[in-house]
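Hi,

Here is the structure I promised to pass on.

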Amino acid sequence: MSRRVLILGGTAEARALAADLDSAGLPIISSLAGRVARPRLPAGEVRSGGFGGPDALAHWLVDQAIAAVVDATHPFAERISASAAAATASAGVPLLRLERPGWVAGDGDRWQWVDDLPQAAAAVRALGAGRVLLTTGRQGLAAFAADTEAWFLIRCVDPPDTRLPPRHEVLLDRGPYTLESELALVDAHGVDLVVTKNSGGRLTEAKLQAARVRALPVVVVRRPPRLQVATVRTVAEAGVWARRQAAG
Ligand code: NAP
C-alpha cells in the first residue's frame with residue numbers, strides 16, 4: 001500500500017499533476033491556501049487553509065504519514081515554499097519543487113524588469129503611463145495606491161481588500177485569456193502600459209503577446225529568490241518522481 005503524496009497547489013500545474021496521479025490510482029492529497037472564493041479544485045482528496053507555519057506543517061506531515069511533498073505553488077508564493085522546505089527537512093520527508101519556466105522577452109518586446117511591486121509602481125510613474133493594465137494579483141496593490149496620475153485597470157480573481165489608487169476600475173477575471181480577448185481589452189480601455197509578475201505559463205501569457213502586437217511597454221516583476229531545492233519544470237517529471245516516492 002503506497003502512502004500519500006502531498007501536492008501544495010493553487011496552480012494549473014498542481015491540478016494537472018493531481019489529475020495525472022489520481023487517474024493512475026496513486027494516493028494524493030492536494031493543499032490549497034483557501035484564499036480564493038471559488039477555487040478550481042484538483043482531482044482527488046483536497047484540504048484547504050494554512051498549516052500554521054513550518055513546525056505545524058512538519059507535525060502534519062508526520063501525523064498524516066505523508067510519503068513525499070511536491071511544492072507546485074505559484075512562483076511568487078514565497079512563504080509556503082519556505083515553510084515546505086523547512087518542514088520536510090525536519091520531518092525527513094522528500095521534497096520536490098515543480099516550477100513552471102518564467103516568460104522570456106522576444107523580438108519586439110519592450111519589457112522593463114523590476115524586483116518587486118514598489119519598484120513596479122515607481123516604473124509606472126517614471127514611464128509617465130496614463131492607462132495601465134495591472135495584472136499582478138490582488139496582493140500588494142497598495143504599492144500603487146499613491147499614484148494619483150495614472151488610471152489603472154486592475155484585473156484579479158477576487159475583489160481587492162486593500163488601498164487602491166484613486167483612479168481605477170476593477171475587473172474580476174481569472175482567464176485563461178486569448179490574444180484576441182487581450183487585444184480587445186487593451187484597445188477598449190486605451191491601455192498604454194502593462195504591469196505583470198513573471199508568473200510564466202500559457203494561461204495568462206496572451207497579455208504579453210497583445211503588448212507586443214500593440215508595441216506597448218511592459219513592466220515585469222522578477223521572481224523572488226528561492227531556497228535551493230530539487231526542482232523540475234514539467235508536470236511529467238514531477239509525476240515520475242511522485243510515483244517513485246509513493247512506491248518507495
Ligand atoms: P504565500 O505568501 O507563500 O503563503 C502565505 C501563507 O498561506 C502560507 O504561509 C501558508 O500558511 C498559506 N498557504 C499558501 N499556500 C498554501 C497551500 N497551497 N496550502 C496550504 N496553505 C498555504 O502564498 P500566496 O502568495 O499568498 O499564495 C497563496 C496560494 O495562492 C498559493 O497556494 C499559490 O500557489 C496560489 N497563487 C499565488 C499567486 C501569487 O501571485 N502569489 C498566484 C496564483 C496562485 P501557513 O504558514 O499557515 O501554513
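**What sits around Phe 144**

Leaving aside residues up to four places away in sequence, Phe 144 touches Leu 117, Ala 120, Ala 121, Val 124, Leu 134, Thr 136, Phe 152, Pro 165 and Val 195 (contact means heavy atoms within 4.5 Å). Before you go further: this is a predicted model, where local features need pLDDT of at least 70 and side-chain atom pairs count only at pLDDT 80 or more, while totals for chains, interfaces and linings use all residues. Residues are numbered from 1 along each chain as its sequence is written, and side-chain values use heavy atoms, with hydrogens and water left out.

Phe 144 is buried, at a relative accessible area of 1%, and Phe 152 is buried too, at 0% (buried is under 20% relative accessible area, exposed over 50%, partly exposed in between, with a 1.4 Å probe and protein chains only).

On to the rings. There are 3 aromatic pairs, counting Phe, Tyr and Trp rings (for Trp, the six-membered one) with centres within 6.5 Å; planes under 30 degrees apart are stacked, over 60 edge-to-face, the rest tilted. One of them is Phe 51 with Trp 60, edge-to-face at 5.2 Å centre to centre and 65 degrees between the planes. Phe 144 and Phe 152 also pair edge-to-face, at 5.8 Å and 65 degrees.

Arg 47 lies over the face of Phe 51, 3.9 Å from the ring centre (the rule is NZ of Lys or CZ of Arg within 6 Å of the centre and within 35 degrees of the ring normal). Likewise, the charged end of Arg 155 is over the ring of Tyr 177, at 3.7 Å from its centre.

Last, is strand 11 mostly covered or uncovered? Covered: 5 of its 5 residues, 217–221, are buried. Strand 11 runs parallel to strand 6 (residues 110–114), joined by 5 bridges, and parallel to strand 10 (residues 193–197), joined by 4 (pairing takes at least two DSSP bridges).

Cheers

Methods:
Helices (H or I, at least four residues) and strands (E, at least two) are DSSP runs, numbered from the N terminus.
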